[in-house]
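Take a look at the fold below.

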Amino acid sequence: MRELVALGVTLLAVAGSVISAQIDIDDDFMRNVEDSNKSLANHIAIKNAKGVSGDTQELSAMFAQIEAFYAAKGDAQDALDISKKSRQLIDEIGKSVASKDFDSANVMASDLSRACKSCHNFYKKS
């Protein structure tokens with residue numbers, strides 16, 4: 001009986017992973033990413049650490065979904081690499097703001113915006 005329960009839990013976990021990897025990255029989702037990115041830049045500009053923290057958490061989760069989408073899609077290594085780079089930038093922005101280095105965070109936020117734009121040049125639907 002315990003083996004059946006363990007097997008059921010394992011199967012549910014695998015199914016959940018497959019479903020989460022099949023997330024559709026649609027226009028609404030990407031607009032939310034863009035809005036959160038703009039909010040992040042604004043919070044950095046006004047040195048609002050609490051706002052930056054919320055934005056970085058939200059963006060990190062969104063880019064995890066983007067990364068999962070492109071990993072599952074396959075044949076999109078550029079998008080996968082840009083997603084990973086974006087998550088790293090978001091993490092570094094959070095660390096910079098935590099140490100009150102808003103200037104570095106601002107530079108990295110610009111890098112994040114450029115990363116988004118470069119991905120859109122390859123993958124954005126017209």
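S86 counts as buried because its relative accessibility is 0%; buried means under 20% relative accessible area, exposed over 50%, and partly exposed in between, with a 1.4 Å probe and protein chains only. This is a predicted model, in which local features need pLDDT of at least 70, side-chain atom pairs count only at pLDDT 80 or more, and totals for chains, interfaces and linings use all residues. Residues are numbered from 1 along each chain as its sequence is written, and side-chain values use heavy atoms, with hydrogens and water left out.

S86 sits in helix α4. Helices here are DSSP runs of H or I with at least four residues, strands are runs of E with at least two, and both are numbered from the N terminus. Which residues does S86 touch, leaving aside its neighbours within four places in sequence? They are F63, L112 and A115. Contact means heavy atoms within 4.5 Å.

Now step back to the whole chain. The protein has 5 helices and 0 strands. From the N terminus on, its elements run α-α-α-α-α. Of the 126 residues, 30% are buried. Take the contacts between residues at least 6 apart in sequence: 61% of them join residues at least 24 apart.

Helix α4 covers residues 77-98, and its partner α3 covers residues 49-73. The two pack at an angle of about 165°, with their axes 9 Å apart. Axes are lines fitted to C-alpha atoms, for helices over the stretch in contact, and angles run from 0 to 180 degrees between N-to-C directions. The angle therefore makes α3 roughly antiparallel to α4. Angles over 145 degrees count as roughly antiparallel, under 35 as roughly parallel, 65 to 115 as roughly perpendicular and the rest as oblique.

The crossing of α3 past α4 is left-handed. On the α3 side, the contact residues include V52, L59, F63, I66 and Y70. On the α4 side, they include L80, S86, I90, I93 and V97. By class, this contact has 13 nonpolar, 5 polar and 3 charged residues. Ala, Val, Leu, Ile, Met, Phe, Trp, Tyr, Cys and Pro count as nonpolar; Asp, Glu, Lys and Arg as charged; the others, Gly among them, as polar.

D91 is also found in α4. D91 counts as partly exposed because its relative accessibility is 40%. The C-alpha atoms of D91 and S60 are 7.7 Å apart, though 31 residues separate the two along the chain.

Turn to the other pairing of α3. Helix α2, residues 27-45, packs with α3 at an angle of about 150°, and their axes are 9 Å apart. The two helices are therefore roughly antiparallel to each other. Their crossing is left-handed. From α2 the contact takes residues including F29, M30, V33, L40 and I44. From α3 it takes, among others, V52, L59, M62, F63 and I66. The classes here come to 10 nonpolar, 8 polar and 2 charged residues.

Next comes helix α5, residues 102-123, which holds A109. Is A109 buried or exposed? A109 is buried, because its relative accessible area is 5%. Leaving aside its neighbours within four places in sequence, A109 contacts I44 and I93. The C-alpha atoms of A109 and S86, 23 residues apart along the chain, are separated by 9.6 Å.

What of the cysteines? A disulfide is a pair of cysteine sulfur atoms within 2.5 Å. By this rule the count is 0. C116 is in no disulfide, and its nearest cysteine sulfur, that of C119, is 7.9 Å away. C116 is buried at a relative accessible area of 15%. C119 counts as buried too, at 10% relative accessibility.

Finish in the loops. Most residues other than glycine have a negative phi. D75 is not a glycine, yet has a positive phi of about 50°. D75 lies in the loop between α3 and α4. With a relative accessible area of 82%, D75 is exposed. K100, not a glycine either, has a positive phi of about 65°. The place of K100 is the loop between α4 and α5. K100 counts as exposed, at 68% relative accessibility.

Methods: Left-handed = near helix turned anticlockwise from the far one by under 90°.
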